[in-house]
Each structure stands twice: as C-alpha cells, then as structure tokens.
Amino acid sequence: MSDSAVTIRTKKFITNRLLQRKQFVCELIHPGLAGVSKTDVKEKIAKMYKVADPSCILLYGFKVAFGGGRSTGFGLIYDSLAAAKKFEPKYRLTRFGMGAAKTQARKQRKERKNRMKKVRGIKKTKTTK
C-alpha cells in the first residue's frame, strides 16, 4: 500500500475513560484498490495518534461501500494491552491473537451433556472420557 493511495479519516472520536480506550469510526478512502490491509491501517493510525504499541489498536467491522473506493469500520485504541485483555470480549481477543480459542466444539459439549444425563452418580466421571 502506498501512502498516497489510501486516506484514513476518523469520525465520532470518543475518549472512553471507564474502559481505558479511545473509540472511533474509521473511514478509508482507497480509489483503485479493492481493499486495504488492517495491519497497514493499524500502522498508520498508530502514527497518527502516537500509539507506542500497535497491538493496543483493534480494528474490526470493515465494510466496502457499494462501488468500491471507500471502506468504513470501527476502531479501538486501548491505553495498555492489559486494559484490552480486561475489557474486550473473549471472541474478539481470540480473533486478534490475544486469547485462546475454546478447546471443544459446541457439538461435542452438547453430546457430552446428553451422555451425562443418561447415567447417575460416579459413572458420570467415566462418561466424560
């Protein structure tokens, strides 16, 4: 991505002290490009707002406008990585590589639950294996 090809605008910029973050709507103007990499956008936003650690910036929900050339999404800049891990939902942390994914599939958990309903007492520990 060349710097002149993409323009980044932030709208509705709010400093949220309770959640230790800054939040904004991010508008990208990229004529002639199909889309823009989030890592490139993250680097530019880090430079714009003088963020020391780019991993504290979370960008998501980008949609390309009809006809192309413009994308709109949402961005969060946390004060620290600890604040991001404290306040962000687990699924979003997993998406950004900061959290661990669930170990079992949903179907496996449900099947285990139903097997457990069929037995009583100590046998329940044997059915979990």
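Cysteine 56 is buried, as its relative accessible area is 4%. The model in which this residue is described is a predicted one. Cysteine 26 also counts as buried, at 0% relative accessibility.

What separates the sulfur of cysteine 56 from the closest cysteine sulfur? That closest sulfur belongs to cysteine 26 and lies 17 Å away, which is too far for a bond. A disulfide is a covalent bond between the sulfur atoms of two cysteines. For such a pair to be counted, the two sulfur atoms must be within 2.5 Å. The structure holds zero disulfides. Accordingly, cysteine 26 takes part in no disulfide, and its nearest cysteine sulfur is that of cysteine 56.

Attention may now turn to the backbone. Lysine 12 is found in strand E1, which covers residues 7–16. Although lysine 12 is not a glycine, its phi is positive, at about 50°. This lysine is exposed, because its relative accessible area of 67% is over the 50% cut-off. Lysine 50 likewise has a positive phi, near 55°, and is a residue other than glycine. Where is lysine 50 placed? Lysine 50 sits in the loop between helix H1 (38–48) and strand E3 (57–64). With a relative accessible area of 74%, lysine 50 is exposed.

A positive surface patch is formed by Lys102, Arg106, Arg109, Lys110, Arg112, Lys113, Arg115, Lys117 and Lys118. One of these residues, arginine 115, is located in helix H4, which spans residues 106–117. Arginine 115 has a relative accessible area of 38% and is therefore partly exposed.

Definitions and conventions. Residues are numbered from 1 along each chain as its sequence is written. This is a predicted model: local features need pLDDT of at least 70, side-chain atom pairs count only at pLDDT 80 or more; totals for chains, interfaces and linings use all residues. Side-chain values use heavy atoms; hydrogens and water are left out. Patches are made of residues with over 30% relative accessible area and no salt bridge: like charges are joined within 9 Å, nonpolar side chains (Val, Leu, Ile, Met, Phe, Trp, Tyr) within 5 Å. Accessible areas come from the Shrake-Rupley method with a 1.4 Å probe; for residues, only the protein chains shown count as cover. A salt bridge is a side-chain nitrogen of Lys or Arg within 4 Å of a carboxyl oxygen of Asp or Glu. Lys and Arg count as positive and Asp and Glu as negative; His and the chain ends are not counted. The place of a charge is taken as NZ of Lys, CZ of Arg, CG of Asp or CD of Glu. Helices (H or I, at least four residues) and strands (E, at least two) are DSSP runs, numbered from the N terminus. Buried means under 20% relative accessible area, exposed over 50%, partly exposed in between (1.4 Å probe, protein chains only).
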